[in-house]
Amino acid sequence: MPVTSQLLRGLPRAKVFASSLLPCQHHQPHLGSLPAFRGPSQTWQTHPAGRCYQTSSALHNYILTPPQVNSILKANEYSFKVPEFDGKNVSSVMGFESNQLPANAPIEDRRSVATCLQTRGMLLGVFDGHAGCACAQALSERLFYYIAVSLLPHDTLCELEASVEAGRALSPILQWHKHPNDYFTREAQSLYFNSLRTYWQELIDLTSPGDVPDTREALLNAFKRLDNDISLEAQVGDASAFLHYWVLRVAFSGATACVAHIDGPDLYIANAGDARAVLGVQEEDGSFSAHTLSNDHSAQNDSEVARIRSEHPHSERKTVIRQDRLLGLLMPFRAFGDVKFKWSIELQKRVLESGPDQLHENEHTKFIPPNYHTPPYLTAEPEITYHRLRSQDRFLVIGSDGLWETLHRQEVIRIVGEYLTGVHQRQPLKVGGYKVTLGQMQGLLEERKARMSSAFEDQNSATHLMRHAVGNNEFGTVDHERLSKMLSLPEELARMYRDDITIIVTQFNPHVIGAQRQEDESH
């Protein structure tokens, strides 16, 4: 495909629109059969108009070796197996595998997994940041605490508060399952704890002894409360110059969130934005089908478009969503942070005027969105989906939109299902509308045979899926040359051809789920 048409095809993908980021027509990158150009970066305005990107001849000739490709793909992989007790696994979750592949520098995605020690439920989340990584980083550290506290009964909340009052050590709320590269912002821990404590104090006042929290309400309240605290902390500021700047960075950047809570056979998805959760279901014939558990909050979702238009005057009907973006700028219609789309103009000016000097150098704070009349335009309220797990539900894939832009959900589920079972469905070879010679067909068949025999070169299902997401060719097989080109793109080009990709694959225990369902039905 000519690069010019790639440019046009790629434009709608970027999260935040800035026409000034398009490369010059005279110096467009040519990278063989790479996918459509993604268009502008996820930032609002960063480079002056007319900046040219040129590629060196080395980019065309240099091919990474398979070990080099594997080193890049495996750099951020992580896995966790739920421990067995007395030789038995009593959890509906067998374990999970996750991975991340950066396109932005630094990566703007984050991931978190933790076990709720009070309820035994497991939390898994993908957070996709834009206009910087600060908001996604804050969510990866804080959201699960808000959810866990929301799920605690009244008496346990009182015990927590009593421990703090008496200066005693707190009983742990979460057991984190973190990759060594995942980190906590140490300077902000005291601030974060104080906000969380204020939240549980309010929950104590609002609940009574014996009250059992509702999971759906807990997820809803946790999302909304954390977003409210992010906004409030930025307005109040902090005596520490670093913390003052940090809370403003968190609030002025943004992030979508897709979180799963799994407790026995009960699976809840709380989603705000365009990350996605898809269930892998094994059919009677052994094949896998995709069951989507979340809706994208974007212009492609008619109910979201109708919701936003209904929340603003009819006079804004043509301006509230333009070019498939909120106010012509933001692609997800639900997100944390992004106070540029939530605060009044007066509040934005007051906070920025009292903020540190570094903030004025941040391009994301310098503008008011066009046609900004009746804020807030954006919400972090999640859409909650419930699914009761069945023995044929084998795994759950949560991925940032960088994954779903490259692979169809059914293809994602097929790739993971075949990897986990070691069984490859002999589907007809896909050749699309291409003219394929007999020799080429022979090559494709040999390639598919080799793929089957080397399915386990990846020890991690998320890595295996990522290999396909980045390296799949038009025939549905991994092309090493294509994979090499995509992984060796220089930083300033990588973001134009793909997004950050974050994947969590959670594998279920069908025997435990079946036994739990039988036990529930017998009561």
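Some ground rules. Residues count from 1 along each chain as its sequence is written, and side-chain values use heavy atoms, with hydrogens and water left out. The model is predicted, so local features need pLDDT of at least 70, side-chain atom pairs count only at pLDDT 80 or more, and totals for chains, interfaces and linings use all residues.

Let's start with strand 3, residues 109-116. Helices (H or I, at least four residues) and strands (E, at least two) are DSSP runs, numbered from the N terminus. Is strand 3 mostly covered or mostly open? Mostly covered: eight of its eight residues are buried. Buried means under 20% relative accessible area, exposed means over 50%, and partly exposed is in between (1.4 Å probe, protein chains only).

In a regular strand the side chains alternate between the two faces of the sheet. Here, both faces are covered. Asp109, Arg111, Val113 and Thr115 are buried on one side. Arg110, Ser112, Ala114 and Cys116 are buried on the other.

Next, the partners. Two strands pair if DSSP finds at least two bridges between them. Strand 3 runs antiparallel to strand 4, residues 122-130, with seven bridges. Asp109 faces Asp128 there. Five residues sit between the strands in this hairpin, and Arg120 takes a positive phi near 75°. Strand 3 also runs antiparallel to strand 5, residues 174-176, through three bridges. Thr115 stands opposite Gln175 in strand 5.

Now Thr506, in strand 15. Why does Thr506 count as buried? Because its relative accessibility is 0%. Contact means heavy atoms within 4.5 Å. Leaving aside neighbours within four places in sequence, Thr506 has contacts including Val93, Leu124, Ile262 and Phe395.

Last, salt bridges. That means a side-chain nitrogen of Lys or Arg within 4 Å of a carboxyl oxygen of Asp or Glu. How many does the structure hold? It holds 20.

Take Arg197 and Glu161, at 2.7 Å, N to O. Arg197 is in helix 6 and Glu161 in helix 5, so the pair ties together parts 36 residues apart in sequence. Both residues are buried.

Lys224 and Glu381 also form a salt bridge, with closest N and O atoms 3.9 Å apart. This pair links distant parts of the chain, 157 residues apart. Lys224 is partly exposed at 39%, and Glu381 is partly exposed at 33%.

Finally, Asp229 bridges to Arg225 at 3.2 Å between the closest N and O atoms. They are four residues apart in helix 7, so about one helical turn separates them.
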